[in-house]
Protein chains: 2
Amino acid sequence: MSGLTIGDLAKRTGLAVSAIRFYETHGIVHPVRNAGGHRRYGAHDLRRLSFAMIAQKLGISLTDIANQMIHLPIHKAPSKSDWSRISTEMRTDLDARIAQLELLRDRLDGCIGCGCLSLDSCALYNPDDIRANEGTGPRALLP
Amino acid sequence: MSGLTIGDLAKRTGLAVSAIRFYETHGIVHPVRNAGGHRRYGAHDLRRLSFAMIAQKLGISLTDIANQMIHLPIHKAPSKSDWSRISTEMRTDLDARIAQLELLRDRLDGCIGCGCLSLDSCALYNPDDIRANEGTGPRALLP
DNA sequence: CCTTGATCTAAAGTTGACTTTAGAAATTAC
DNA sequence: GTAATTTCTAAAGTCAACTTTAGATCAAGG
């Protein structure tokens, strides 16, 4: 009668059904159950998923997103001010990531013809100020 | 007598001993063994490690780095022309990554005051042309 | 010679974000 | 009413890049 099935939600968001269930374990969505034990979702869940998906595009980890949502009523979507707060934080981080990549690019330009490949003298290899693509997993973006 | 121990190499590169052993399984280094079965490395191994570490800073995966090294003699370090070829490819990719992040930033600017969070209308959520931070693991950078 | 300390191997664990699998029960379509 | 979908759960698997663990052996300093 009321509510979207998990399949409906998957079609609307483009997420896999399994991903939506996984998000539930992280507290992103909070479906109710129908008589047969199947999940039913409301519009707030759709918005919460949208919020999570967009925040992920910005590089925020699921854990951080979930932490933001902890402060929200379970059956409410994030508000405009929630979004403002987070997106403003993101703006700063995004600038930093861009600056790092540009630094890397500039150094690479000076290095393409060099080929010294020495850890001592190569400007490219500077552990202190190059943070981009450090390796496995996404970095924490919200403190 | 001859050759560096794995500990020496670790100190010179800043890598963990376990990481160097791991790299060996990927064919990055090829130590010989001494009488007691311990690994002994040459200068070429140090350079191969440097090459790998610098390439990683550029966002190239270990697998891709190993694939590049397959074409090299085992006991030879990558040459200037090897580095040129790879670094030139990287330059292109780096530009693309920067452009994507800048696009994201511009859209975020237009979105900070908005808060619509709609998958249909939010410019931020455009699966087709935003590739940055797609999620788990590093992207393939060399084809 | 003896005691630290370094190295050895193989296997399992870590993290993030999910997917896959298997077998059972509910729902929908005809 | 029955067949075809969907959904259910819990547990295990995946990928990348390593690290940790355990128990054994090797090397080096005094």
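**The protein surface at the DNA**

Author: A polar backbone atom of Gly7(B) sits 2.9 Å from a phosphate oxygen of DNA strand C, a polar contact being a pair of N or O atoms within 3.5 Å; within protein, one must be able to donate a hydrogen and the other to accept it, and residues adjacent in sequence count only if both atoms are side-chain atoms. The elements that give two or more residues to the surface near DNA strand C are helix H2 (17-25) of chain A and helix H1 (6-13) of chain B; helices (H or I, at least four residues) and strands (E, at least two) are DSSP runs, numbered from the N terminus.

This is a predicted model, in which local features need pLDDT of at least 70 and side-chain atom pairs count only at pLDDT 80 or more, while totals for chains, interfaces and linings use all residues. Residues are numbered from 1 along each chain as its sequence is written, chains are lettered from A and ligands numbered from 1 in the order in which they are written, and side-chain values use heavy atoms, with hydrogens and water left out.

Chain A also reaches the phosphates of DNA strand C: a side-chain N or O atom of Asn34(A) is 3.1 Å from a phosphate oxygen, and a polar backbone atom of Leu62(A) is 3.3 Å from one. Around DNA strand C there are 22 residues, of which Ser18(A), Tyr23(A), Gln56(A), Arg33(B) and Arg39(B) come nearest; a residue is near a strand if one of its heavy atoms lies within 4 Å of it. H2(A) gives the most to this surface, with four residues. By class the surface has seven nonpolar, twelve polar and three charged residues, where Ala, Val, Leu, Ile, Met, Phe, Trp, Tyr, Cys and Pro count as nonpolar, Asp, Glu, Lys and Arg as charged, and the others, Gly among them, as polar. Of the atoms of DNA strand C within 4 Å of the protein, 78% belong to sugar or phosphate and the rest to bases.

DNA strand D is surrounded by 22 residues, the closest being Arg33(A), Arg39(A), Ser18(B), Tyr23(B) and Gln56(B). Sugar and phosphate make up 80% of its atoms that come within 4 Å of the protein. Phosphate oxygens of DNA strand D lie 2.9 Å from a backbone N or O atom of Gly7(A), 2.7 Å from a polar side-chain atom of Arg33(A) and 2.7 Å from a polar side-chain atom of Tyr23(B). H2(B) supplies the largest share of the surface near DNA strand D, four residues.
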